[in-house]
Amino acid sequence: MAPNSDENTIKLPWASDFHCHLRQGVMMETVTPMVEQGGVCTVLAMPNLTPPLTTTDMAVEYGKTLQKLAPDVHFILTLYLNPELTPEEIKKAAASGITAVKVYPSGVTTNSEWGVLDFKTYYPTFSA
């Protein structure tokens with residue numbers, strides 16, 4: 001942390017936000033450009049949209065939209081863990097640069113109705 005010209009101010013280096021809900025529509029269009037203004041240069045974008053980001057193609061398209069709104073921010077895209085998320089889709093996601101999958105226990109948070117009821121279902125996916 002390096003102080004700037006004002007002795008009562010501390011200037012921080014760029015920050016990363018590893019739990020960022022950018023949502024959709026007007027909310028996304030309003031919030032996303034403000035990320036950089038808040039001093040954040042890297043964002044882990046949460047996938048619990050409506051519908052959730054359950055495929056690589058959905059996440060990549062979402063990322064393109066975010067990038068247009070905030071071109072200087074690095075968005076780390078995530079997939080929403082769900083029964084249709086196969087090991088093959090995990091491999092496709094990894095090949096597309098998606099490096100995270102978010103777990104939402106079913107019914108406990110915003111847009112989690114598609115979430116996890118039993119982790120055993122996902123053991124093959126976790127092995128990917």
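Rings of Phe, Tyr and Trp (its six-membered ring) pair if their centres lie within 6.5 Å; planes under 30 degrees apart count as stacked, over 60 as edge-to-face and the rest as tilted. The model is predicted, so local features need pLDDT of at least 70 and side-chain atom pairs pLDDT 80 or more, while totals for chains, interfaces and linings use all residues. Residues are numbered from 1 along each chain as its sequence is written, and side-chain values use heavy atoms, without hydrogens or water.

Select Y80, Y104 and W114, which form one aromatic cluster. The whole structure has four aromatic pairs. The rings of Y80 and Y104 are stacked, because their centres are 4.9 Å apart and their planes at 20°. Y80 is in strand β6 and Y104 in the loop between β7 (100–102) and α5 (123–127), 24 residues apart; strands (E, at least two residues) and helices (H or I, at least four) are DSSP runs, numbered from the N terminus.

Y80 is buried at 0% relative accessibility (buried is under 20% relative accessible area, exposed over 50%, partly exposed in between; 1.4 Å probe, protein chains only). Y104 is also buried, at 4%.

Next, turn to W114. The rings of Y80 and W114 have centres 6.5 Å apart and planes at 80°, so this pair is edge-to-face. W114 is partly exposed, at 34%.

Finish at T78, in strand β6 (residues 78–80). T78 is buried, with a relative accessible area of 2%.
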